[in-house]
Structure formats: C-alpha cells, structure tokens
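Reader: I would like to learn how to read the contacts inside a chain and between chains. Could you take me through them step by step?

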Amino acid sequence: MTQVYQNEFVFGEGGGKGTNSTQLASAPSLLKTLSHAFREKDKVKKSVVANDDIKTIGTTFSHLSMSNNESSTSLNLSSSPKRINNSSSSLARPKVSKRNSFKFDSPSLTPRHSDQYTDLDDDWDADVEHGLTTTDSAPKNLEFRPQTFEYPTLKSKRISGSVDSFAKVKSNTPLDDYYEVNKTKELEAAKEKEEMIAVVSKINRYKKILNEQTIELPKLKKMAWNGIPEELRPLSWQLLIGYLPPNSNRRDLQLQRKRQEYLNGINQVFASAKEQTTWHQIEIDIPRTNPKIKLYTYETTQRSLERILYLWALRHPASGYVQGINDLCTPFFQVYLSDYIKDGTAVENFNPGELTKQEMNNVEADTYWSLTKLLEGIQDNYIHAQPGIIRQVNELKDLIKRIDFDLSQHLETENVEFIQFSFRWMNCMLMRELSVKNTIRMWDTYLAEPNGFSEFHIYVCAAFLVKWSDELKKMEFQDIMMFLQNPPTKGWTEKDVELLLSEAFIWQSLYKNAAAHLR
Amino acid sequence: MSKSNLSKYKIVFLGEQNVGKTSLITRFMYDTFDSTYAATIGIDFLSKTMYLDDKTVRLQLWDTAGQERFRSLIPSYIRDSHVAVIVYDVSSKKSFELLDKWIEDVKIERGENVIICIVGNKNDLTDERQVSLQDGEAKAKAHGAKIFLETSSKLGYNVKSLFKKIAKTLPEFEAAGKSGEEGASEMIDINVENTTTQDGQCQC
C-alpha cells in the first residue's frame, strides 16, 4: 500500500487540477453544480442519456487533466488502487510541474497533498455514482491513443522501477528525506523527458495530419480542440477557418489569388476619398488597441490594422466597423505574424517593421481574410441593434438559470441585468477579460467547434460566470458589477483557459438542444 | 451589507466618442489618467461613495460607449438616471454640435425630471480649441443645464469640482448646500479637495 500511496503522492497535484489554487477550488464547485445539473436532467430524461453524459464528462476531464498533453490516458474516474498501481497508468498521469518538485523538499507537506488528491478523487466517485454507472471515459481523441502509448512504454518500466525503490527507501532508512529528494528529482527528470516525448509526438502526429495531401478536417479539428502547437498554428487556423482549402495542391494558388485580391482591394479603397466617419472611428481606435503590448505600439502594426479594418468596414456596409472588431483582428495578426519571425523574438515584442513589404502584405491579407471568415459567422452581432448579441445574452441568462439557479436568483434580487455585464463578453469574445495569448489558445478550440464563436462561446461565458459564483452570491449590486467588469484573470495561464473550455464543453453537452423541454 | 442602506444615485455619462467620458470617470475614481483607454463597449459601471456633512451617498456611474452602433442600449440607462452628464471635447466642434442631440435624447426619456450637466473636456488642449468657453456656457444656459464646467481629465482640472457640484444637486445634499451656500469648505469629502480655487466658473 505504501507504493500506492507514493504513487498518489507523486501524481496527486499533477492529476489534472493544476497547481493553481483557483483551479483546485473550482473543480469541486463545478462538480457540485454538475451533480445538480445531472439531477435536473435526470428528471427529464432517464437513464438512456446518462451513459452518454458520463462519457462526455470522461472526455472533458481527460482533456482537462492532460492539458496540452492529450496523449496520455484519461483521468481515471473509478480510481481503484490496482489501477493506480499499474505502470501504464502511472505514466499516463500528466505533468508533474517543477513547482511540485520543490514541495517534495518539505516532507511535512506529504500527507496534506495526498489528502488533497484523495478528496478530489472521492468527489469524482461521489458524482459518478450519483445515478450513473459507466465509469469508462471516452476521450475525444480515442484514435490517437494507441500511438501515444508506444513512446513511453519503455520509459514506464524504468519509472515504475524507480517508484518501487523509492518507496522502499522511504520505509527503511533514517535518511529518508535525503533520498526522497534525490529519487524524486530523478523521477522528475524522467517525467520531464517523458513529457517532452509526448509533446514531440503530439507535434509529429499533428504534422502528419497537416502533411497529408488532402487534410481531413475532422481529424484536424479533434487535435486542434485541445490546443494547437505554436509553430503549426498559422496553417491550422487558415485551414480551420476555411481560408485555405484542405487539398494542398490548390493551396498555393488560393493563397496567391487571395493575397492579390486583398492588395487590389486596398488599392481601390484608398484611391478614392476616405469615408470620413469610418476612417475617423478606426483611426482613434487603433492607438487604443492593446496599447500595453509592444507589438501594437509599432507604426507598421498600426498602419496594417488600420488598412485591414477599413477595407473590411467598407466591404461590409451592413455592419460597418464596430468597436470590438479591432480586438478580434489581433489574434489573427499575431498568429500569422509569428510565422515570419526568424530570430525567436516573442511576437508580442516584435517590430513588424523588420519584415519586408511583401511579408507584411501576406500577414495583412491572411489576417483580413481570416477576420472576414470569422465575422461571417457572427454578422448579426454587429448590424443595427446587434440582435446577435442580444440573443446570446438571453441564452446566457437562460443557461445560468439551469446551471446555477442560486446565482441566477441572486443576480435577479440584486437587479443585475445580464446585458449590463455580458454585452461586452459577447461583443469582444471575452478578449477584454483575457490576454491575447490566452485568447489565441481559446480560439484553437473555437475554430475546432462547429459554431465556436456564435454558440460555444455562450457556454464558455456561462462557465466563466459560474466560476465566480461563490463570490458573487455574497455581493451586492455594485460589487457584482465592479467584479464582473474586472474579473481576476490577470494571472491566468493556458491551463485556466483549458479548464474553462472543458467546463464549457460539459455545459454544452448537457444543455445544447435541451433548452425546450427544460424551459 | 449595511451599505445597502445608502441612498444611491445613478449618473449616466453621454457624449460622442473619444471626448473623454471614461477618462473623466477614471480621474474621479482613481485620480489617474491614461491616454490610451480601450474604447468603452456597451456600458461600463463604476460606483463611488461620497461623504458630505453627516450624510453618505453612493454614486453609480454609467459610462456609455460613444459609438453609434451601441446607441440602442443607452435609453434604458438614461431612463434610470438622476443625473445626465453630457460631455464634449473643446477641441472638437463636431462633438459640441452633437450635444443638442444628446440633450434631446435625455429629455425624451426623462422630460424635465433630470439634472443635466454639460462638460467641455480636454480644456488643456489650448492650441486646438474649437469651442470657446462662452459658447459652452451659452449652450448650457439655452438647454437649462444645472451645471456647466470645462474640465481636463489629463490635468485633473475641475474634475473633483464637477462631482462636487453634482452631489450638491442631489436631494440628499440640496438642503446642506443651501444652508452652507458658500460653504464648499464644509464638504467633508475625502475625495473632493482643493476645489474652491476652481469654482470660478459658471454655476448656472
């Protein structure tokens, strides 16, 4: 049992909840609401649906626990000691962070951590047993799993070996602590290597998909949902958003044609007198687009964005330029620009003036067409009276009523209207709440979803709101408003975004198309 | 939760875009200035407690977006407000001319049952001035605005004074204001200081 215990210890925190305390805190609260949701759902549909649902949860949490390493097995919902003990599951446990290794230095922390893990596990079980039987998770990327296993198998023996001896040492000698630290470091190193391998293998699998003559978009989407490796993002996004054709033979030609088309458009609209209102509007918004990020303070960046937005506005008179569209432009710009940076400068610090005119034209054109595609899907967000946003706000309100009735009641009592705080969430796709970097990760998933920006986004907003439920329920009107306009997301990392996406995925699978009979 | 007993007053900020509505509020709230605020989307909310004599009120400030597309949201906020602060930019004739339209919007929603303030912001831009102080005053008078001021959020000029004047018009403080009359110094408002020197402008 010692061994099991050690295993639990080692992988406890890495077990998917991340080291971030907000994540640790939010997982149980999600489960709480989730179990409530199940109960509600149960009333409506009986067991037939239940199996599917739990599968979904398995999927989601496996993704959640893997973070960007979706190669390993999914989080084990039925955590029997046997399973934990077995080597393949130990290798399957995701990342042990560096932070974790420091914690090992202080043995007194040991029990607390293992407790934490057990607690959470109990929670899993509690919810799973709550009227639901299947514990097998069905990962989204089922077909990729066998491949992944091949890599670490050899490793895993070594690792489980070291775990064994580690356990023995601990129980035998008085120099426990000393050895513990060393062994742990060894284990740590092995883990890190393994992680690297997993990352590389993920990139390789990804490349394989992208290198096919005709790319299978469903496959690409499945991979992209869990995050796209940085270097492969430009191409992936262009494919996912439908700017480039899946058939690689036609791709170069298409790029050439579209880039030329963009240049022609620019020449055309700038040849005639500027449409003053639109131009003025864009002109004043450019300097206040991400002013805190260096990239956006450079002349070249500002002029590029100006041209893109102006051309788009003139070509789409029904909506014209609406504030917020400038925000939506930046993830594309940043991602496509990053493809041209040779010296490893972070894109957010890069001066695009260093690129050739031709290169900048390419970045601009690609950004323009991608933005066009994106906005095609959410056109009614920006036309007169913004009906798309009003619809989304109402959907969010309905959704919260089902997901978190107490919160919805509290907001109503305090006279907080959803439109007051979530209008901007819809208009700017949460970009005012999240960093551009985190937004980019979020869009990997949005682009992989069938209606990422118009539908899935509402579930993301729901997850975002419910995340602060406990705090909000203690606040009165002005504090709620102030909080929601400035939520504590400054320190958010990719992991926080991925947790949010996973939660959104759950709400979507529970409530999508289920609105009618629950109303 | 005892705070809930405070009287709350809603103040809506209106005006063309880029005249400095957000800057004005931010200067008042945090006494800071930044030339690059992201454009306001829809409506933003801020709340501040003000102290005067023995009374305390809470000001709820609604900062609206200037862009045309977001206008459909605004009427419901005007309807709820006790005070409408309409801002123009002294360096933009256009923003001044469009004041009439904003005032009309307010009157449509609230009739005479609202306190209108007119504020000419950015008065630090002396070289670029397109609207004179006199024109501003005349317009304010013509529309029956209770308060008219020129301000500079950048320099912090007249901003506290503006909010102090606004507070004086609220039912809570009206009596206090009258009894004290010249008594700006009687304001025990920790946020509003040094305003006496700036009070030289039209009080309409």
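Reader: How many residues of domain 2 of chain A are in contact with residues of domain 3 of chain A?

Author: Let me set out the conventions before the case. This is a predicted model, in which local features need pLDDT of at least 70 and side-chain atom pairs count only at pLDDT 80 or more, whereas totals for chains, interfaces and linings use all residues. Residues are numbered from 1 along each chain as its sequence is written, chains are lettered from A and ligands numbered from 1 in the order in which they are written, and side-chain values use heavy atoms, with hydrogens and water left out. Contact means heavy atoms within 4.5 Å, and here 15 residues of domain 2 of chain A are in contact with 13 residues of domain 3 of chain A. The domain assignment, which is automatic or taken from a database, gives domain 2 as 244–377 and domain 3 as 386–519 of chain A.

Reader: What area is buried between domain 2 of chain A and domain 3 of chain A?

Author: The size of an interface is often given as the accessible area lost when the parts come together. Computed with a 1.4 Å probe and summed over both parts, the area buried between domain 2 and domain 3 of chain A is about 1000 Å², with carbon and sulfur atoms giving 73% of it. On the side of domain 2 of chain A, A:Asp327, A:Leu328 and A:Pro331 supply 40% of the area buried against domain 3 of chain A, more than any other three residues.

Reader: Which residue forms a salt bridge with A:Asp327?

Author: A salt bridge is a side-chain nitrogen of Lys or Arg within 4 Å of a carboxyl oxygen of Asp or Glu. The partner of A:Asp327 is A:Arg432, with the closest N and O atoms 3.3 Å apart, and the count between domain 2 and domain 3 of chain A is one salt bridge. Helix H15 of chain A (residues 325–338) gives the most to the side of domain 2 that touches domain 3, with seven residues; helices here are DSSP runs of H or I with at least four residues, numbered from the N terminus.

Reader: How many residues does the contact take from chain A and from chain B?

Author: The contact takes 32 residues from chain A and 30 residues from chain B, and the two chains bury about 2500 Å² between them, 52% of it on carbon and sulfur atoms. Three salt bridges are counted between chain A and chain B, and one of the pairs is A:Lys292 with B:Asp34, whose closest N and O atoms are 3.2 Å apart.

Key. Helices (H or I, at least four residues) and strands (E, at least two) are DSSP runs, numbered from the N terminus.
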